[in-house]
Amino acid sequence: MSLKIGITGGIGSGKTSVARLFAKKGCPVLYADDIAKEILVEDSAVKEKIISSFGNDAYDENLPNRKYLADKVFNNPENLSLINSIIHPPTIKKISFLCNKELFKNDLVFVESALIYEADFVDIFDYILVVTASEDIRIKRICNRDGTNKEPVIKRIKNQFSEESKISRADFVIHNEDSIANLERKVDLFLSIFKSMAK
């Protein structure tokens with residue numbers, strides 16, 4: 001049996017670190033954010049919809065004008081919902097296609113995505129692994145990483161599904177509140193569980 005496993009979690013939880021550790025151990029890992037960025041550049045239908053919705057300045061020399069688009073959707077729930085409705089469906093379709101392609105060669109494939117619950121594509125996975133940490137730790141990590149202060153980070157956290165909601169819907173949970181060495185031990189444990197389930 002082959003397994004598709006979604007890795008998700010709130011901002012600053014360490015979901016990307018977990019995904020990279022699975023990749024380091026030889027597992028195929030797809031990153032939803034990278035796939036969405038490729039679609040923004042390569043999918044002409046998406047490009048047309050975004051230009052018609054947000055204006056010609058949405059693209060600059062055939063590349064998405066990220067600052068312009070961010071300004072349009074930041075603090076504007078209606079525009080955020082609109083751009084998501086354009087980007088999410090082809091992204092989910094491509095993720096599903098790439099997962100199935102990987103499973104011809106491997107028993108396991110992982111997909112890292114911040115928005116598995118928000119974009120409602122839980123159904124393409126066999127299991128969801130949620131990475132979590134306390135809000136204080138997550139805020140501190142993002143402030144250190146982005147060189148920003150607390151207020152915008154707290155705002156971004158409030159715009160995502162709560163940790164409690166994600167954990168309650170998860171199949172597996174990794175608490176990521178200490179060292180990278182401990183995180184790697186947890187990833188090793190989960191990898192052995194997933195491999196035994198895929199047999």
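1. Contact, as the word is used in this note, means heavy atoms within 4.5 Å. The model is a predicted one, in which local features need pLDDT of at least 70, side-chain atom pairs count only at pLDDT 80 or more, and totals for chains, interfaces and linings use all residues. Residues are numbered from 1 along each chain as its sequence is written, and side-chain values use heavy atoms, with hydrogens and water left out.

2. Helices (H or I, at least four residues) and strands (E, at least two) are DSSP runs, and they are numbered from the N terminus. A residue is called buried under 20% relative accessible area, exposed over 50%, and partly exposed in between, with a 1.4 Å probe and protein chains only.

3. Helix 3 covers residues 44–54, and its residues Val46, Lys47, Ile50 and Phe54 are buried. Seen down the helix axis, these buried residues fall within an arc of 100°, so they line one face of helix 3; the arc is that of the directions from the helix axis to the C-beta atoms. On the face turned away from the buried side, helix 3 carries the exposed residues Glu48 and Ser52. The packing partners of the buried residues are helix 2 (32–42), strand 3 (59–60), helix 4 (66–73) and helix 5 (77–102).

4. Both ends of helix 3 can be described as well. At its start, a side-chain oxygen of aspartate 43 reaches to within 3.0 Å of the backbone nitrogen of alanine 45. After the helix comes glycine 55, which has a positive phi, near 100°.

5. Phenylalanine 54, which has its place in helix 3, counts as buried because its relative accessibility is 5%. Leaving aside residues up to four places away in sequence, phenylalanine 54 touches Tyr68, Leu69, Lys72, Val73, Asn79, Leu82 and Ile83.

6. Is serine 13 buried or exposed? Serine 13 counts as buried, because its relative accessibility is 0%. When residues up to four places away in sequence are not counted, serine 13 touches Val131, Thr132, Arg138, Arg141 and Asn176.

7. Two packed helices are described by the angle between their axes and the distance between the axes. Helix 6 (residues 135–146) and helix 7 (residues 150–158) pack at an angle of about 125°, with their axes 10 Å apart, and that makes helix 6 oblique to helix 7. The contact is made by residues of both helices, including Arg138, Ile139 and Ile142 of helix 6 and Val153, Ile154 and Arg156 of helix 7. Axes are lines fitted to C-alpha atoms, for helices over the stretch in contact, and angles run from 0 to 180 degrees between N-to-C directions; those under 35 degrees count as roughly parallel, over 145 as roughly antiparallel, 65 to 115 as roughly perpendicular and the rest as oblique.

8. Arginine 156, found in helix 7, is partly exposed, with a relative accessible area of 38%. Not counting residues up to four places away in sequence, arginine 156 touches Ile11, Ile142, Arg145 and Asp146.

9. Glutamate 61 and asparagine 62 also deserve a careful look. Glutamate 61 is found in the loop between strand 3 and strand 4 (63–64), and asparagine 62 lies in the loop between strand 3 and strand 4. Phi is near 55° in glutamate 61, a positive value in a residue other than glycine, and near 70° in asparagine 62, again a positive value in a residue other than glycine. Glutamate 61 is exposed, with a relative accessible area of 73%, and asparagine 62 counts as exposed at 54% relative accessibility.

How values were computed
A polar contact is a pair of N or O atoms within 3.5 Å; within protein, one must be able to donate a hydrogen and the other to accept it, and residues adjacent in sequence count only if both atoms are side-chain atoms.
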